[in-house]
Amino acid sequence: MRTQLIERLARYAKIDTQSDASSESVPSTYKQWDLVRLLEEELKALGMEEVETDENGYLMATLPANAQDAPVIGFLAHVDTATDFTGKNVNPQVIDYDGGEIVLNEALGVILTPEQFPELGGYSGHTLMTTDGTTLLGADNKAGIAEIMTAMEYLIDHPEVKHGKIRVAFTPDEEIGRGPHHFDVERFGADFAYTVDGGPLGELQYESFNAAAAKVTFIGNSVHPGTAKNKMVNAGRMAAEFITRFDAEDTPEHTEGYEGFFHLININGDVEKTEVNFIIRDFDKSAFEDRKDQMAAHADALKAQYGEDRVILEMNDQYYNMRDRIEPHMEIVEYAKQAMEALDITPVIIPVRGGTDGSQLSYKGLPTPNIFTGGENFHGKFEYISIDNMEKAVKVITEISRNAAERK
């Protein structure tokens with residue numbers, strides 16, 4: 001199993017599948033099809049049935065039941081990788097880690113250290129897959145794909161493990177929040193599902209943020225600075241004034257657990273026109289609405305100061321806390337919890353401080369908690385994953401399948 005996981009993850013990681021929020025196509029980048037087509041062929045070679053890819057790049061397959069009257073379970077992972085850091089020319093490295101620093105790239109001086117990442121020390125004795133210090137790894141979420149593929153292979157090779165019908169789906173564009181937008185829940189046909197898209201060992205998540213995006217455009221008036229008095233309106237300074245209206249402690253770098261935040265994503269512009277983009281996050285629905293009201297109030301304040309037409313706020317909801325849709329079906333969280341405990345894995349039940357396809361899928365009628373992959377430091381050059389914990393993720397997938405079939 002270990003060799004299979006290493007080979008699969010390395011093979012998938014080398015395929016550039018970064019999504020693109022500026023694109024209106026589905027998938028947002030054509031290169032995501034490269035991995036989708038590869039997976040389609042691999043699923044067929046494994047012996048999976050009903051292997052089908054739709055026109056939007058959603059790949060689904062079936063492992064038929066070998067137990068009667070069991071629920072239909074889905075397992076999902078996404079093919080795209082994050083846009084935060086380059087995913088081109090990924091060169092995975094496999095390291096038998098015995099503690100201390102890991103030199104990812106000697107020439108560039110990129111070193112993964114326990115001082116900067118204290119959790120690294122807990123992986124002594126593990127086999128790790130890392131980047132070469134120049135790209136992200138893409139274990140988010142290609143590790144989840146490798147684990148699902150390996151679990152399906154194990155169940156096919158071990159028919160003595162009883163399970164109901166299992167549906168598998170690999171989807172595009174999760175990293176830009178569009179993963180479930182074209183997902184056909186009825187076609188998928190599962191009673192419930194799990195995204196295999198979490199981080200360290202034992203993560204089990206059924207709560208997520210309520211999420212919104214906000215773009216604020218400031219319209220200025222550019223005049224030569226030598227003759228600008230009472231004429232120039234500086235859009236950049238307006239944007240800076242808007243940003244400083246928010247609490248500097250109410251940001252991702254100062255919050256944790258169930259705390260929400262405003263996150264400034266980027267600033268682009270000049271004197272004539274400047275745009276700022278925020279994301280708004282909170283677990284509590286009432287607090288989430290208050291945050292959106294605060295965003296609007298700050299925009300209104302600058303409209304009153306500079307003019308109604310000089311500040312344009314565009315704000316839209318992205319997804320909601322999946323807890324509201326999963327709590328009526330807590331037995332599916334129990335299946336995962338019991339599966340981990342049966343494997344001597346301590347469940348770490350924490351909220352998702354980020355996006356997951358499960359949030360939107362749960363609101364589309366498919367309750368979908370999230371389980372761990374075994375990875376750390378996603379979305380950057382210090383990303384790595386424990387192959388040992390990937391093996392445990394495979395076992396959790398198979399144990400959930402067996403557990404649900406037995407309990408029915």
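In this predicted model, Asn91 is partly exposed, because its relative accessible area is 39%, which falls between the limit of under 20% for buried and over 50% for exposed.

- Leaving aside neighbours within four places in sequence, Asn91 is in contact with Thr130, Thr131, Asp132 and Thr135.
- Asn91 and Glu153 are 62 residues apart along the chain, and their C-alpha atoms are separated by 26 Å.
- Thr81 also lies in the loop between β3 and β4, but Thr81 is buried, because its relative accessible area is 2% and the cut-off for buried is under 20%.
- Once neighbours within four places in sequence are left aside, the residues in contact with Thr81 are Thr17, Gln18, Ser19, Leu136, Gly138, Asp140, Lys142 and Glu175.

- Gln4 has its place in helix α1, where it is partly exposed, with a relative accessible area of 28%.
- Not counting residues up to four places away in sequence, Gln4 touches Thr150 and Glu153, while Gln4 and Ile145, which are 141 residues apart in sequence, are 12 Å apart in space from C-alpha to C-alpha.
- Helix α1 (residues 2-13) packs with α3 at an angle of about 140°, and the axes of the two helices are 9 Å apart.
- That angle makes α1 oblique to α3, because angles count as roughly antiparallel when they are over 145 degrees.
- The crossing in which α1 passes α3 is right-handed.
- On the α1 side the contact is made by Gln4, Leu5, Arg8, Leu9, Tyr12 and Ala13, and the residues that α3 brings to it include Ala139, Lys142, Ile145, Thr150 and Glu153.
- Sorted by class, the contact of α1 with α3 has 9 nonpolar, 2 polar and 4 charged residues.

**The nonpolar cores**

- In soluble globular proteins, nonpolar side chains tend to be buried together.
- The largest nonpolar core in this model has 64 residues, and those with the most contacts inside it are Phe75, Met152, Phe170, Tyr194, Ile371 and Ile400.
- Helix α3 (residues 139-157) supplies the largest share of this core, with 9 residues.
- If its neighbours within four places in sequence are left aside, Ile400 is in contact with Ile73, Phe75, Tyr194, Tyr335, Ala336, Ala339 and Ile371.

**The packing of helix α5 on helix α6**

- Helix α5 (residues 235-243) and helix α6 (residues 285-306) have axes that come within 10 Å and cross at roughly 140°.
- This crossing angle makes α5 oblique to α6, and α5 passes α6 in a right-handed crossing.
- Met238, Glu241 and Phe242 are the residues of α5 that meet Met295, His298, Ala299, Leu302, Gln305 and Tyr306 in α6.
- By class, the contact between α5 and α6 has 6 nonpolar, 2 polar and 1 charged residues.

Technical notes. Residues numbered from 1 in each chain as written. Predicted model: local features only at pLDDT ≥ 70, side-chain atom pairs only at ≥ 80, totals over all residues. Heavy atoms only, no water. Core = buried A, V, L, I, M, F, W, Y, C linked by side-chain atoms within 4.5 Å. Buried < 20%, exposed > 50% of the residue type's maximum accessible area, 1.4 Å probe, protein only. Helix = DSSP H or I, 4+ residues; strand = E, 2+ residues; numbered from the N terminus. Contact = heavy atoms within 4.5 Å. Axes fitted to C-alpha atoms, helices over the stretch in contact; angles between N-to-C directions. Parallel < 35°, antiparallel > 145°, perpendicular 65-115°, else oblique. Left-handed = near helix turned anticlockwise from the far one by under 90°. Nonpolar A, V, L, I, M, F, W, Y, C, P; charged D, E, K, R; others polar.
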